[in-house]
Amino acid sequence: MAEQKALTTRAADFSAWYNEIVARAELADYSPVRGCMVIRPNGYAIWEQMQRALDQMFKDTGHQNAYFPLFIPQSYLAREAEHVQGFAPETAVVTHGGGKLLDEPLVVRPTSETIIYAMYAKWIQSYRDLPVLINQWANVVRWEMRTRLFLRTTEFLWQEGHTAHATEAEAEEETLRMLGVYRTFMEQWMAMPVITGRKTESERFAGALRTYSCEALMQDNRALQASTSHNLGQNFARAFEVTFQTAEGGLDYVWNTSWGASTRLIGALIMTHSDDLGLVCPPRLAQYQVIIVPIYKSAEERVMVLEASDRLRKELAAGGVRVQVDTREGLKPGAKYYHWEERGVPLRIEIGPRDVSSGSVVLVRRTGGKKESIRLEEIASRVTVAMNDMQTELLQAALGRREAATLRGATKAQFIAKMEQEGGLVYGGYCGSGTCEAEIKEQTKATIRVLPDPEFRSPVPPTECMWCGGSSIAEAVWAKAY
RNA sequence: CGGGACGUGGCGCAGUCCGGUAGCGCACUGCAAUGGGGUUGCAGGGGUCGCGGGUUCAAAUCCCGCCGUCCCGACCA
């Protein structure tokens with residue numbers, strides 16, 4: 001019976017395992033509109049935690065929030081040649097309004113560069129107006145051919161930062177600063193290790209000068225682009241006439257950046273930490289960090305245990321812990337344990353009559369922990385310690401899995417074999433030729449995730465291209481990706 | 001758009017070959033007992049069998065047409 005209810009194991013079919021986690025934890029569901037996702041309360045709660053943390057980090061780096069329209073005149077998209085090429089195929093277009101055919105079709109934003117820089121053109125006159133540091137929390141629509149809950153849906157929620165600067169150096173600094181913000185968030189909040197670096201020409205954002213990203217490795221050894229940060233140069237400024245008078249009195253185009261992260265992060269979170277019992281959520285992002293399960297038989301015990309549970313809930317809540325008591329009647333404790341485990345609650349406290357009379361409770365960790373009996377007076381501090389430990393251990397575990405799946409300095413044959421078999425990350429020399437890149441994708445399905453930043457590079461830099469043997473211009477990280 | 005599969009209560013499926021009262025599991029509702037790792041028992045509600053046409057005394061089942069969904073590829077945060 002228990003086996004029948006166990007999750008599909010990760011190894012057997014990662015995709016089925018993922019879908020089952022999403023369904024059982026009640027995170028999201030498909031909507032009647034094809035490709036569009038409904039984020040259910042449990043999933044949205046995680047998003048809210050993410051939003052809160054990221055938003056604070058954006059404010060700490062001097063950004064403000066604003067909101068721009070959902071509709072973009074079709075002609076705006078066309079002003080930046082590369083941009084329209086990149087996005088036109090996947091746009092949804094509104095042709096009618098108020099029952100009449102519109103003079104100009106309106107595109108539902110696939111991203112907001114164009115509408116935002118059209119506004120910046122009005123707002124920016126002088127170098128004194130710079131920098132403009134704005135972020136928007138919004139939904140966007142991209143008509144993808146195939147979708148997957150959280151990872152790729154027709155409509156998704158995200159934040160997109162759009163900044164304007166007086167110099168190229170400042171724009172580059174901003175681009176890298178925000179890449180760092182994402183990295184910090186992913187490591188410290190999501191407990192998800194990432195590799196940062198630059199994208200190659202083929203994966204660069206349409207219209208950008210340079211694209212950087214945070215790449216993470218999932219438990220099935222496929223890579224996931226978790227966020228991006230673009231230095232847009234003056235491309236959009238030229239297209240939208242965003243000019244300013246310099247301190248020296250000349251006229252120049254501004255330098256723009258844009259950066260974004262989406263609800264895809266929830267998918268990343270699931271695929272990074274979860275196990276065959278269900279979702280595993282790092283304490284810092286959990287909707288409920290602690291669930292208290294009262295255990296009782298008689299009516300007297302029930303009153304006693306519920307009172308004790310509520311006192312403990314109040315004590316923990318007063319200390320800033322997100323905690324709830326599972327007071328549902330008619331369910332055996334075991335059923336409640338499974339219920340909260342598949343929803344990823346980091347810590348569980350069991351309180352029964354024996355605990356109440358002995359002045360203690362049982363503390364259980366979602367991952368790898370045994371049941372521990374804790375004195376009531378110590379519980380608050382032990383909960384804090386357990387959460388901190390868990391946050392660190394999840395990151396370490398994920399890091400360990402990534403390192404185990406990483407191959408550095410591979411030969412061409414080793415690389416092909418690895419991609420055919422277990423997958424994972426391969427570091428190797430790259431000659432910079434798009435031909436090599438295309439050939440590799442064709443033969444192995446692997447792509448260059450990133451040209452890694454210095455701290456991720458191999459101690460001994462490769463001198464030859466892993467594929468053609470020509471001289472290497474950079475080290476690249478290859479993987480099959482989502 | 002190319003290749004494959006599937007449409008039967010909310011979900012997952014059997015039944016289709018060989019036509020004959022629409023079933024099972026889970027979930028849901030009610031009552032009772034149970035309760036330290038997915039509890040039992042009893043009772044109950046819910047289905048135009050994807051849509052349209054045809055064959056037949058009789059169609060979930062056979063025939064024709066259409067529609068939809070999913071999986072594999074190209075696109076992608």
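A charge sits over a ring if NZ of Lys or CZ of Arg is within 6 Å of the ring centre and within 35 degrees of the ring normal. The model on screen is predicted.

Start by selecting Tyr 76 and Arg 79. Arg 79 lies over the face of Tyr 76, and the distance to the ring centre is 4.8 Å. Next, select Lys 412 and Trp 467. Here the charged end of Lys 412 is placed over the ring of Trp 467, 4.4 Å from its centre.

Now turn to ring-to-ring pairs. Rings of Phe, Tyr and Trp pair if their centres lie within 6.5 Å, and by this rule the structure has 16 aromatic pairs. Select Trp 47 and Trp 137: the ring centres are 5.8 Å apart and the planes meet at 75°, so this pair is edge-to-face. Trp 47 belongs to helix H3 (residues 41–60) and Trp 137 to strand E7 (residues 132–141), so the contact ties together parts 90 residues apart in sequence. Are these two residues buried or exposed? Trp 47 is buried, at 2% relative accessibility, and Trp 137 is buried too, at 18%.

Go on to Phe 415 and Trp 478. Their ring centres are 5.8 Å apart, with the planes at 55°, so the pair is tilted. It links distant parts of the chain, 63 residues apart: Phe 415 is in helix H14 (residues 412–420) and Trp 478 in strand E23 (residues 474–479). Phe 415 is buried with a relative accessible area of 0%, and Trp 478 is buried at 1%.

To finish, select Trp 47 again, together with Phe 58, Trp 137, Tyr 182 and Trp 259. Ring pairs link these residues into a cluster.

Key
Residues numbered from 1 in each chain as written. Chains lettered and ligands numbered in written order. Predicted model: local features only at pLDDT ≥ 70, side-chain atom pairs only at ≥ 80, totals over all residues. Heavy atoms only, no water. Phe/Tyr/Trp six-rings, centres within 6.5 Å; stacked < 30°, edge-to-face > 60°. Helix = DSSP H or I, 4+ residues; strand = E, 2+ residues; numbered from the N terminus. Buried < 20%, exposed > 50% of the residue type's maximum accessible area, 1.4 Å probe, protein only.
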